[in-house]
Amino acid sequence: MAEESGRSNVDRIRDHSALDDVDATLGEILGERFVEYRRRWRMAERELVEFPFPLFLVMETVNTCNYRCIMCFRHSMPAPKPRVMPDDLFESVMAEAAAHGCPSLSVNWNNEPLMDPNLVRRVARARESGFVDVRLNTNASLLDGERSRGLVRAGLTRLSVSLDAATRETYEAVRVGGNWDRVMGNIEQFLRIRKELGARLPLLRVTFVRIRENAHEVDDFVRRWKGVADYVSIQSYVPHIPGERAMALHPDVRSHMADITCSQPFERLVVGVDGDVYPCCSPVGTEIHLGNVRETPLAEIWRGAMSRRLRTMMRERTWDGFDVCRRCLTGTFGAPGEGA
């Protein structure tokens, strides 16, 4: 979401960092190319500047998850038949991204990336293809010693672990299917391995999505992890579908509706496990099918009519006339408070 050009999702995220500045730290480690990437990112995010190719690719290399978290859209949906992205599809995206100098990649979408048996190899391949910033979000249930060591050596730059609780009881109530002791042990082991290997990366981020069921543990969560993880993020819950919360704008927000916009169509493309391409990370964004990378290059999809239309709507703040974006943005900027 745009930060300066309109009301933003940024104020729904509060970071507590052991580092003075995460971008500055990564710039020091990764060099000028990372610094330039982040400069361009801010232009896309805040000024809605369009670049010739996306700055960020999101790839769903496996399509399933081993948790059923109560605030996730997967909680109320049947689990899909597990599929792993074929190597030739992954390699075609790597080749095109390398040709265009794409700087940043997330090797997961709305899934658990460690369920991909090829993940470590694919992280290494992404770094070989020129991605300067390669990240993933995980529940860490499968982050055993072998995977931790492999990801550090492969060149992963950011490891984000979703926790959403400060106690075992709340964790296992919110993150259905999870095992608190296993995850805590895996994170501690990852930190030991990173230290043993003399590596500064990947930076470890732990996240907490604030909902009614866990809001009482926010302060304890920050105290537990600040100074242990490299940064701690507290996020407000954003509903995914109309049934999760009334979608009408709250009166306090309605008057600012003209200022609301979304920067994702200026930043990224999402590539699903079968090569289908979408403009954003929102679950409702899957209703905006931009094409398939097996049939159309990403650069062509990025310049396509629907991609251009989305960017125009966000610049002109006319998204309210487009059903998918209206449902997403009114959900994001709906009634303040606990959300869920």
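1. In soluble globular proteins, nonpolar side chains tend to be buried together. The structure is a predicted model, and the points below should be read with that in mind.

2. When its neighbours within four places in sequence are left aside, isoleucine 187 is in contact with Ala140, Val161, Leu163, Leu204 and Trp225.

3. For the chain as a whole, 13 helices and ten strands are found, and 54% of the 340 residues count as buried. Among contacts with a separation of 6 or more, 73% are between residues 24 or more positions apart.

4. Where does aspartate 164 lie in the chain? Aspartate 164 is placed in the loop between β5 (158–162) and α6 (168–174). This residue is buried, because its relative accessible area is 1%, which falls under the 20% cut-off. Leaving aside neighbours within four places in sequence, the contacts of aspartate 164 are with Met71, Thr170, Val174, Arg175, Thr207, Phe208, Val209, Asn214 and Phe221. Arginine 210 is 46 residues away from aspartate 164 along the chain, yet the C-alpha atoms of the two are separated by 7.1 Å.

5. Helix α3 (residues 87–100) and helix α4 (residues 119–128) have axes that come within 10 Å and cross at roughly 20 degrees; the two helices are therefore roughly parallel to each other, as this angle is under 35 degrees. Their crossing is right-handed. From α3, Asp87, Phe90, Glu91 and Met94 meet Arg121, Arg122, Arg125 and Ala126 of α4, and the residues of this contact divide into three nonpolar, no polar and five charged.

6. Helix α4 also packs with helix α5 (residues 145–154), at an angle of about 10 degrees and with the axes 8 Å apart, which makes α4 roughly parallel to α5. On the α4 side the contact is made by Leu119, Val120, Val123, Ala124 and Arg127, and on the α5 side by Arg147, Gly150, Leu151 and Ala154. Here the residues divide into six nonpolar, one polar and two charged, whereas the contact of α3 with α4 has three nonpolar and five charged.

Methods. Residues numbered from 1 in each chain as written. Predicted model: local features only at pLDDT ≥ 70, side-chain atom pairs only at ≥ 80, totals over all residues. Heavy atoms only, no water. Axes fitted to C-alpha atoms, helices over the stretch in contact; angles between N-to-C directions. Helix = DSSP H or I, 4+ residues; strand = E, 2+ residues; numbered from the N terminus. Parallel < 35°, antiparallel > 145°, perpendicular 65-115°, else oblique. Left-handed = near helix turned anticlockwise from the far one by under 90°. Contact = heavy atoms within 4.5 Å. Nonpolar A, V, L, I, M, F, W, Y, C, P; charged D, E, K, R; others polar. Buried < 20%, exposed > 50% of the residue type's maximum accessible area, 1.4 Å probe, protein only.
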